[in-house]
Amino acid sequence: MPKRPDTLVLGAVAYAPKVVTIWEGFKSYFAGHGLQFDYILYSNYETQVEALMDGQCDIAWNSPLAWVRAERLARARGVQVQAIAMRDTDCDLTSVIIVRSDSPAQSVADLKGKIVAVGAVDSPQAYLIPLDLLRSHGLEPGTDFEIQRHDLLGGKHGDHVGGELDAARSLLSGSADAACLIKGNYEAWIADGTIPSGATHILAETPAYDHCNVTVGPMAAEQLVERFYTLLMAMSYDDPDLRPLMDLEGLKQWRAGRVEGYLPLEAAVNAAGFYDQDGAITENDYRY
């Protein structure tokens, strides 16, 4: 069935049951302000990006890796996509490489010949970006050190705790010599006792990068997108109806989109050969 021309359709990946609660709530908010809005849930970001390019959805709530692919596919087709919005919590993140407190490793160079635990192969924060940091220090993944990958929920681009948490547990158990995590998770897991206080320390930290964004596809109606953007930016954390939804989505304020924060991931994707320059998937171990 073709899309209704008066309805803006968003694509989102169903990485957890709360996704339905979030977008059902946001749909009611948009409808209450006169915007016809609907959403489609996808099982993985690759299908979602392809649907966005084909016009099955107008906009997409994309992971950073999905943004990289969307931008490359668009450029290859001679069209444009735009990152119009992101959460306050999507800006200026870092990943860390941690070791146990009793580790003899004093620098990144000391990981040569060691086992480094990572998240899923499609995780920007727990695989692609931190491994590229190791490359920048002269250590080639899989050659100078062993990669212990924890692939969970393929196609979700690390938009879940699973593999990252398994990497941390592997480090704590002694099965790995180091682990790659997004810093926010590392701090949260120390705070809640998942990682015992004092049991680990940070060996290295990546440059800052950005995370998810709302991506506008090449076939979206400009007027609908403008109305959506206006209403999105008007969401207030002080609104008692919106606050629970914003908490579930992990933000207190929406911000205008920017793309400069994806440069570290662009470099990591190129170095790992995850996508080619036209957006084709070139990572042989990727299953989604």
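The questions and answers below go through parts of this structure, which is a predicted model.

Me: Do E6 and E7 pair in the parallel or the antiparallel sense, and which residue in E7 is the bridge partner of valine 116?
Reply: E6 and E7 are joined over four bridges, and the sense is parallel. One of these pairs involves valine 116. Its bridge partner in E7 is isoleucine 147.

Me: What is the hand of the crossover from E6 to E7?
Reply: Between E6 and E7 the chain passes through H4, which makes a β-α-β crossover. The hand of this crossover is right-handed.

Me: Which residue in E8 is the bridge partner of valine 116?
Reply: E6 also runs parallel to E8, and two bridges join them. In E8, valine 116 has as its bridge partner alanine 178.

Me: How many bridges join strand E5 to strand E8?
Reply: E5 covers residues 95-100 and E8 covers residues 178-182, and the two run antiparallel. Isoleucine 98, for example, has alanine 179 in E8 as its bridge partner. The number of bridges joining E5 to E8 is four.

Me: Is arginine 72 buried or exposed?
Reply: Arginine 72 is found in helix H3, residues 64-77. Buried means under 20% relative accessible area. The value for arginine 72 is 1%, so this residue counts as buried.

Me: Which residue has a side chain in polar contact with that of arginine 72?
Reply: Arginine 72 touches several residues, among them Val269, Tyr275, Asp276 and Asp278. Glu266 is also one of the residues it touches. The polar contact between side chains is 2.7 Å, and the partner of arginine 72 is glutamate 266.

Me: Is histidine 157 buried or exposed?
Reply: Histidine 157 is in the loop between E7 and H5, and it has a positive phi of about 55° although it is not a glycine. Leucine 153 is found in the loop between E7 and H5 and has a positive phi of about 55°. Leucine 153 has a relative accessible area of 44%, so it is partly exposed. Histidine 157 has a relative accessible area of 0%, so it is buried.

Me: How is the ring pair of phenylalanine 274 and tyrosine 286 classed?
Reply: The count of aromatic pairs comes to eleven. In the pair of phenylalanine 274 and tyrosine 286, the ring centres are 5.0 Å apart. Both residues are buried. Their planes stand at 50°, so the pair is tilted.

How values were computed: Residues are numbered from 1 along each chain as its sequence is written. This is a predicted model: local features need pLDDT of at least 70, side-chain atom pairs count only at pLDDT 80 or more; totals for chains, interfaces and linings use all residues. Side-chain values use heavy atoms; hydrogens and water are left out. Two strands pair if DSSP finds at least two bridges between them. Buried means under 20% relative accessible area, exposed over 50%, partly exposed in between (1.4 Å probe, protein chains only). A polar contact is a pair of N or O atoms within 3.5 Å; within protein, one must be able to donate a hydrogen and the other to accept it, and residues adjacent in sequence count only if both atoms are side-chain atoms. Contact means heavy atoms within 4.5 Å. Rings of Phe, Tyr and Trp (its six-membered ring) pair if their centres lie within 6.5 Å; planes under 30 degrees apart count as stacked, over 60 as edge-to-face and the rest as tilted. A crossover is right-handed if, with the strands pointing away from the viewer, the path from the first strand over the helix to the second runs clockwise. Lists of a residue's contacts leave out its neighbours within four places in sequence.
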